[in-house]
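Open the model in your viewer and keep the selection panel at hand. The stops below go chain by chain, then to the contact between chains, then to a single residue.

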Amino acid sequence: MRDVAFEAAPGECLLVVGPSGSGKSTLALAIAGLVPHEIPGEWSGRLEVDGLDAAGTPRVELAARVGLVFQDPGSQVVMDRVEDDVAFGLENRAWPPELMWTRVPEALDAVGLGGLARRRTGHLSGGEQQRLALAGALAPRPGILVLDEPTANLDPWGAAAFFDRLRAIRESRSATIVLIEHRADDAWALADRVLAIGADGAPIDFGRPSDVLTRSGDRLRDEGVWLPGDLLLTGPQPRSEVLGPLLVDARKLSFGYDPDVPVIRHVELDLVAGERVALAGPNGSGKSTLGRLLAGLLRPTQGRVRLDGADPARLSAVELARRAGYVFQDPELQFLSTRVGDEVFLGLRPEERATAPEVMTGLGLPLEHFADRSPYALSGGEQRRLSLACILVRRPALLVLDEPTFGQDRRGYEGLLAILRDRVAGGTCLVAATHDARFIRDVAGRRIALDRGRVVADETLVLEPPLTDAAPAHEMAARRGSGPAAGAP
Amino acid sequence: MEPADRQLASPLGQTSPLVKLGVAIGWFVGLAFTTDVRPPIVLACLALLAAIWFGSVDLETLARGLTPLWIAALAIGAFNALFAAVNLDPAATELARIGPFRLTQAAVVGGLGLAARVVAFATVGIVFAQTTDPTRLVDALVQQARVSPRFAYGALAAYQAVPRFAQDLATLRQSRRIRGLPGTWHPRILIGLLIQAIRHADRLALAMDARGFGMGPRTTFRQVRWTAVDGLLLVGGIVALVVALGLGGAR
């Protein structure tokens, strides 16, 4: 990041936008005093936080003024119980115990977790954990709240609940909000000011949202930044499907990590070559598990899967990799090398090696620039594209993707779309577990909805699918552990 | 198996975890001085009764936790009885002969004594785990035993990440398989797991710092105070150990 200038008045909401890797997270860490105090780097210019010079003030002083929420819900929880976790930040600031006992319930109410004070933090859903992180950041009444892609790992219902709470904080003007967020429609509506940074880390624009859109909308679109209304820009895709022979069939398929807790229940499924399937449903409904079963990564506890006539779970690794590809939700868990160049060529057959440069360039990771970098040092969006590239170089007949568009800027998204369309036209069967309504509309020809391990809807998408879903009701029912699934056959 | 709220609210759940830990360690040390079967069995029974009466732990929960450990204890005892060196001593009283194996009385007594002690360790451990809130244990370590907060809360946060590592391991192995690489226990998987552990710890440390951890003096949300029940438990634990060891000595 360089030459960036901005300001936010008390109680305002500042939205920071920019393509993947533009330095947005660094800015968030700088405001919270973690850069340059905890994470060193080259620093020039001046950043004033609540009247204090950020680089010259001890981190302790800044931490007292700033609340920070990160992207990954799982790695922000410190304590075992919800109320203890909220109190953690108050303890660190040496609040008197009696004040903590009144403030903790207030903070939990403010994020809609009022009834869950004694719940174990590990038993919360990702969306609830993220609102818990918000409560923990809010509890010490910070003047500034910094949110670094807080909804990137949440399903649409978790994200909507998070934004509801954020709107209430913004309305009360009780804290200045610095928000980094890819969900453009929600985020731009919340913002008083927008700071736009380009891929090179240089500023593009700063001002009121409407002014920034007018002045720099085209430039931002070129840079790959999502803008409000992008979901409605393109019409439904032509569905010229060239469907081939039967590729996958699953019969009476059931699976559970614990035999008493089935994750997948009696699923019957036929997939043909050239098909584009979206697996939908709330977090925890079994989408990833079903994908892993189809790709031969898990062995069914009951029933069977056939992939191209064989049981994929019994194939050798070499045979399996030829027929099936699977891209995991967390890219870092897929990396097996310390260089991007080694990673993408890992395990490839000679005839597959030739396609690697083209795939990498198509996904915005040209090998000439990226080959020597460490996969772990890439930005979140780049990591996900690398994990996709490692599977896309092989041309398996079945391609299973778990949330392929999480954290992607527009450029990464469009690169991915082009490659996937090309593969499907060549007869690849694509199965994507996704919450992304835009991706479903742009890619999918069939939508299979899961709820608590059962298929509750299986439909051909001819026109635009509805952007909202009945699933909040599913999620509620799942949490109560009672009531039939809405729309169950 | 996590302890239920009812168990944590019980008298045994509300005592200081340090006293429970102290009694358990005292018992383990005391049992090292006897090979008799009776003291460990008496102490295991007392721990069970305490769990049921004062700990609100139901029998089903205890049985589910203890069955595998007890079976393991019996297996260890049987193995030791069968392969004890004393079986080769022609002077030892022979109880049975199975094929080439000779089983002597001394070996059986030794095996039973070992099994009984493993049973006692397992039972006390399960009762401790089933009546102790991890947060309360850490609070007690910091407030009563003056353990460094950075170490204690760091350990608590790391403990919460354990289920996550199990999932990460499964994903790393699947990730190799789908890339056509054979071998489910390749060293590279452990490297991947280590990288994940370090990165998770990094993120967590950053999140803790962002919430002001290590800023200076802390206060505590949940005070752990010494109570009369702690004293009763301590005295009861010592009396039980003395009585149990006395039973052993009176053989």
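Before going on, two notes on the model. This is a predicted model, in which local features need pLDDT of at least 70 and side-chain atom pairs count only at pLDDT 80 or more, while totals for chains, interfaces and linings use all residues. Residues are numbered from 1 along each chain as its sequence is written, and chains are lettered from A and ligands numbered from 1 in the order in which they are written.

**Chain B**

Stay on chain B. Its C-alpha atoms fill a box of roughly 70 × 60 × 30 Å along the principal axes. The radius of gyration of chain B, taken over C-alpha atoms, is 23 Å, whereas a compact globule of 251 residues would have one near 18 Å. Now colour by domain; the bounds come from an automatic or database domain assignment. Domain 1 of chain B takes 5-140 + 227-249, and domain 2 takes 148-210. Their C-alpha centres lie 34 Å apart. Of the 251 residues in chain B, 39% are buried. Buried is set at 20 or more other C-beta atoms within 10 Å of a residue's own, exposed at 12 or fewer, and partly exposed in between, with C-beta atoms placed from the backbone.

**Chain A**

Switch to chain A. Here you find 18 helices and 17 strands. Chain A is as compact as a globular protein of its length, because its radius of gyration of 23 Å is close to the 23 Å that the globule rule gives for 489 residues. That rule is 2.2 Å times the number of residues to the power 0.38. The C-alpha trace spans about 65 × 55 × 40 Å along its principal axes. Buried residues account for 50% of the 489.

Select 13-232 for domain 1 of chain A, then 246-480 for domain 2. Their contact takes 15 residues from domain 1 and 20 residues from domain 2. Two residues are in contact if their C-beta atoms, placed from the backbone, lie within 7 Å. The domain 1 side has 7 nonpolar, 6 polar and 2 charged residues. Ala, Val, Leu, Ile, Met, Phe, Trp, Tyr, Cys and Pro count as nonpolar, Asp, Glu, Lys and Arg as charged, and the others, Gly among them, as polar.

**Between the chains**

Show both chains. How many residues of chain A are in contact with chain B? There are 54, and they meet 47 residues of chain B. Elements giving two or more residues to the chain A side include helix H2 (59-63), helix H4 (97-110) and strand S13 (324-327) of chain A. The largest share, 7 residues, comes from H3(A). By class, the chain A side divides into 32 nonpolar, 11 polar and 11 charged.

**Last stop: A:Leu398**

Zoom to A:Leu398, in strand S14 (residues 398-402) of chain A. Is A:Leu398 buried or exposed? A:Leu398 is buried, because 24 other C-beta atoms lie within 10 Å. Leaving out residues up to four places away in sequence, A:Leu398 touches several residues, among them A:Val248, A:Arg323 and A:Cys429. A:Leu247 is also touched. A:Leu398 and A:Leu247 are 151 residues apart in sequence and 7.9 Å apart in space, C-alpha to C-alpha.

How values were computed: Helix = DSSP H or I, 4+ residues; strand = E, 2+ residues; numbered from the N terminus.
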